[in-house]
Amino acid sequence: MIAVCWRRWWGVGGGGGGSGETTASPTSNTPNPVPTPTPRPPFVYNTTEFRTSEALSQINAQIAYLDYSFGNGVLVAVIDSGVTEVPELEGQLHPNSTNIVTSDPDDIDDFSGHGTAMAGIIAAKRDLDTNNNPFNMHGVAFEAEILNINATNATNCSDLENCSFFHSDTAKAYDYAVENNVDVINESLGSDSFSAVSLQLAMQRAVEADIVIVVPAGNIEAGAPAGTGDSAQLSSAVAYAPWANGQIIIAGSVDRDNTISDFSYRAGVDAMNVYLMAPGSDIIAPDYDINSGYDYIQT
């Protein structure tokens, strides 16, 4: 909306009265007409890529797309097992991406596939169905940029299903994200123990830098005792700490019918005000690991 402020100026001159008195006439100050902006054509969002990524319609991403909001100018830090620049992520990784454990910017490739999948769900590019792959997809914010912060190394990922992440390394990853002025941090790592004080302090520094943080509610392991998952994992307790300011979001999982997934930890009483659900089943995502290379997975 354009606000136009009208100001009327009156010039008054005077003499000593009588026939010598003069009065200036009001001046007309007609503004130039404000041009009517040309409306943008509706954005065509319903491509094969959009339909392949069923979760996009499930979260009503098309509402943002019709408003021409695609994540442009947004920098998302992915603290995970590394992100490999697969075709879906070509050109999407920030040049300051690094391995926080080895301090080697060339050691950023994914060890287990998890980080690449998360980055793809967030920001896989929209290539208008040109990659000739039946699993072609695009991310929610397909014009966002990913700061890949690999928070593990080969020694800690000898078993690709069980990469280890130390709290001290994750804390350094948060500080590195703050240094690089990210807008969002996605850290899909969790455990059934409270975060170390050093990690909590690093997350607090990210909150103070006005960064939005997303952490996982947690996945219930097969064979876990009854009652496991009735509340969010202990590692996500930072989300309802007094200093979190509502900027740390716990993400739980729903299936395609918007029913909470059997494997997802619930919010419980403590996390109910900072807990959001997101599709966590039947999602197509790019995948890469050091043994199998590039492919797609369906979660």
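These are my notebook entries on a predicted protein model.

**Entry 1: overview**

I began with the whole chain. The protein has 6 helices and 9 strands. Of its 299 residues, 42% are buried. I then looked up contacts between residues at least 6 apart in sequence, and 74% of these join residues at least 24 apart.

**Entry 2: the largest nonpolar core**

Which residues touch the most other members of the largest nonpolar core? I found Ile 149, Tyr 174, Ile 185, Ile 213, Ile 248 and Ile 250, in a core of 35 residues. Several elements give two or more residues to this core: strands E1 (75-80), E3 (145-150), E5 (212-216) and E6 (248-254), along with helices H5 (167-179) and H6 (197-208). I noted the general background as well: in soluble globular proteins, nonpolar side chains tend to be buried together.

Setting aside residues up to four places away in sequence, I listed its contacts as Met 203, Val 207, Ile 213, Val 215, Val 238, Ala 239, Trp 243 and Val 274. Another core, of 12 residues, lies apart from the largest one, and its members include Val 76, Val 83, Val 86 and Ile 146.

Next I looked up helix H4, which spans residues 114-123. Is this helix mostly covered or mostly uncovered? It is mostly covered, with 8 of its 10 residues buried. Among the buried ones are Gly 115, Met 118 and Ile 122. The buried residues of H4 pack against strands E1, E3, E4 (184-187), E8 (284-289) and E9 (293-298).

I then took Ile 122, which sits in H4. Its relative accessible area is 17%, so Ile 122 is buried, the cut-off being under 20%. Beyond its neighbours within four places in sequence, Ile 122 is in contact with Val 76, Val 78, Gly 139, Val 140, Ala 141, Phe 142, Ile 146 and Asn 186. Ile 122 and Ala 141 are 19 residues apart along the chain, and their C-alpha atoms are separated by 5.8 Å.

**Entry 3: His 94**

Where does His 94 lie? I found it in the loop between E1 and strand E2 (98-99). His 94 counts as buried because its relative accessibility is 17%. A polar atom of its side chain lies 2.9 Å from the backbone nitrogen of Asn 96. Leaving aside neighbours within four places in sequence, His 94 is in contact with Leu 75, Glu 145, Ile 146 and Leu 147.

The largest cavity holds about 40 Å³ of space. Its lining is made of Glu 54, Ala 55, Gln 58, Arg 256, Pro 279, Ser 281, Asp 282 and Ile 283. By class, that lining has 3 nonpolar, 2 polar and 3 charged residues. Helix H2 (residues 54-58) gives the most to the lining, with 3 residues.

Ser 281 is in the loop between strand E7 (275-279) and E8. With a relative accessibility of 17%, Ser 281 counts as buried. Ser 281 and Arg 256 are 25 residues apart in sequence, while the distance between their C-alpha atoms is 6.7 Å. Not counting residues up to four places away in sequence, Ser 281 touches Ser 253, Val 254, Asp 255, Ser 261, Phe 263 and Thr 299.

Key. Residues numbered from 1 in each chain as written. Predicted model: local features only at pLDDT ≥ 70, side-chain atom pairs only at ≥ 80, totals over all residues. Heavy atoms only, no water. Core = buried A, V, L, I, M, F, W, Y, C linked by side-chain atoms within 4.5 Å. Buried < 20%, exposed > 50% of the residue type's maximum accessible area, 1.4 Å probe, protein only. Helix = DSSP H or I, 4+ residues; strand = E, 2+ residues; numbered from the N terminus. Contact = heavy atoms within 4.5 Å. 1 Å grid on protein atoms, 1.4 Å probe; cavity = no way out; pocket = protein on both sides within 12 Å on 5 of 7 lines; lining within 4 Å. Points joined across faces, edges and corners; volume = space filled by probe spheres on them. Nonpolar A, V, L, I, M, F, W, Y, C, P; charged D, E, K, R; others polar. Polar contact = N/O pair within 3.5 Å; in protein donor to acceptor, adjacent residues only side chain to side chain.
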